[in-house]
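Hi,

Here is the structure I promised to pass on. My notes on what turned up follow right below it.

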Amino acid sequence: MSKHRRVRSSDWMQTLRARLTALDTGGRHRRVRSGGKRRAPSEALATLGARNFRRYLIGQLVSNTGTWMQRAAQDLLVLQLTGNSGSSVGILTALQFLPQTLFGLFGGVFADRFAKRRLLIVTQTAMALQSLVLGVLTVTGTVNLWYVYLLAFVLGTATALDSPARNAFVAELVGRERLSNAVSLNSAQFNVARTIGPAVAGLSVAVAGTGPVFLINAASYLAVLYGLIVIRPDELHAPRDRKHGGARLSDAFRAIRSTPDLLLPLTVIAFVGTFGLNFQVTISLVALTVFHSGSAAYGYLSAAYAIGSLIGALRGAGKRKPPTTRRLVTATVAFGALEAVAGLMPGPTTFLLVLLPTGLASVTVTTTANAMTQLHADPELRGRIVSVYLLVLLGGTPVGAPLVGLVSDTLGARFSLILGGAISALAAVALSAAISARSRAPQRTTSGTAAASAPPIGIDSRVQPGTAPQPAAHGRAA
């Protein structure tokens, strides 16, 4: 007779249930006893334990993969319709991203005025219908260039209204304690989709053409819609009193000006987004004009940067401490230095090796700035403040990309990387010093002006200590 004890199935089932219950606690993990020892899941795993966030994230991963598939197939469709016209593809890209500049701030107003979950259901449905119409037109052979342009502008408009709510909604899914980890996980799924989507699109177009790719993307929205529909409203960390009127952009700008922890990440990301994050342009320029490589080498270099970005997002998801000014400035200086070093690399192999940590540093900068912006924003202003963040991050691209091309044509592609990295690093140091000096400067105001001006807003919309208006010592002057 065997001396080994048989473990009853009910015992390990109870242990499994206990561990799953410990994870599914809205982002606050509990420690589970196992053999007398206490174990706590990692920060990323604990954040994924929030049921609402987990389902939302999976839906976003599926939908974003389909979106990147459509972007690649859409460019190929325009090339087919125009006989390989690069300018037509440029017009298509401009029409799709122009609404972000025109309507992005209004998207933030809508995000604060209406329930974000319901707003996302509307915008995601609109994007699904756009993909469905484009797919049907392409499959039936009735598509033309102007239809593609119009539908691209429609998609861009829906995205501009969707993006602020989608980014700000993460805070309501996990709460303030897990926000930094959730932002990093959200960035990780975006980078996974960015890596997988174009590759799958290339294979799909080769086998079935562009039309089915658009239909696949339309179907992928069902995943994110399902994730939004099954969310438990009672587990959301949403503001209790939502103001359906008077959601003004001026309130957001006033809060940004008066809160150093908002002003710094927004100004830093404006410089980085305009001058540093232009790798779609710089990598191709270096590959073609410096190393004289083909499209395969360009693909390897882009993949290296994407892999580094994914590693950076996963690394950020495991951090226990909230983001700080020091982390943001350090990451930005490191990113700028790595970008400049990349411009000095003698060959494609060394250039590829430097792109890996550069991608890691770039995502660390963006996720840290995003998390700081959301953590220090008043919950009732979060949608509008996030819309400002997206505007400065993406709105500088139409300015920065042509400047990168001009510098490359004049001084060489290498110098465009060196200059972009130097500007990013120096801006982070200079802005940090200037904003810190401004916040430490004594505020000499009379009692009248102090009462009329809004005090700086801190975390959780509380007035920062020592900045509340003080009454006059001797009463009102005659």
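By a nonpolar core I mean a set of buried Ala, Val, Leu, Ile, Met, Phe, Trp, Tyr and Cys residues joined through side-chain atoms within 4.5 Å. Keep in mind that this is a predicted model.

With that in hand, the largest nonpolar core counts 47 residues, and the ones with the most contacts inside it are Phe279, Phe351, Leu355, Ile385 and Tyr389.

Leaving aside residues up to four places away in sequence, Phe351 touches Val286, Phe291, Leu301, Ala342, Met345 and Leu417.

Isoleucine 269 sits in helix 10, which covers residues 260-276. Is isoleucine 269 buried or exposed? Its relative accessible area is 0%, so isoleucine 269 is buried, the cut-off being under 20%. Beyond residues up to four places away in sequence, isoleucine 269 is in touch with Val365, Thr366, Ala369, Tyr389, Val392 and Leu393.

You'll find serine 131 in helix 5 (residues 116-139), and it counts as buried because its relative accessibility is 0%. What does the side chain of serine 131 make a polar contact with? One partner is the side chain of asparagine 217, at 2.8 Å, and another is the side chain of glutamine 130, at 3.4 Å. Not counting residues up to four places away in sequence, serine 131 touches Gln70, Phe214, Asn217, Ala218 and Tyr221.

Last, a helix pair. Helix 6 (residues 145-174) packs against helix 7 (residues 179-208) at an angle of about 130°, and their axes are 9 Å apart. That angle is why the two helices, helix 6 and helix 7, are oblique to each other. Their crossing is right-handed. On the helix 6 side, Val170, Ala171 and Val174 meet Leu179, Ala182, Val183 and Asn186 of helix 7.

Cheers

Notes. Residues are numbered from 1 along each chain as its sequence is written. This is a predicted model: local features need pLDDT of at least 70, side-chain atom pairs count only at pLDDT 80 or more; totals for chains, interfaces and linings use all residues. Side-chain values use heavy atoms; hydrogens and water are left out. Helices (H or I, at least four residues) and strands (E, at least two) are DSSP runs, numbered from the N terminus. Buried means under 20% relative accessible area, exposed over 50%, partly exposed in between (1.4 Å probe, protein chains only). A polar contact is a pair of N or O atoms within 3.5 Å; within protein, one must be able to donate a hydrogen and the other to accept it, and residues adjacent in sequence count only if both atoms are side-chain atoms. Contact means heavy atoms within 4.5 Å. Axes are lines fitted to C-alpha atoms, for helices over the stretch in contact, and angles run from 0 to 180 degrees between N-to-C directions. Angles under 35 degrees count as roughly parallel, over 145 as roughly antiparallel, 65 to 115 as roughly perpendicular and the rest as oblique. A crossing is left-handed if the near helix is turned anticlockwise from the far one by less than a right angle, and right-handed if clockwise.
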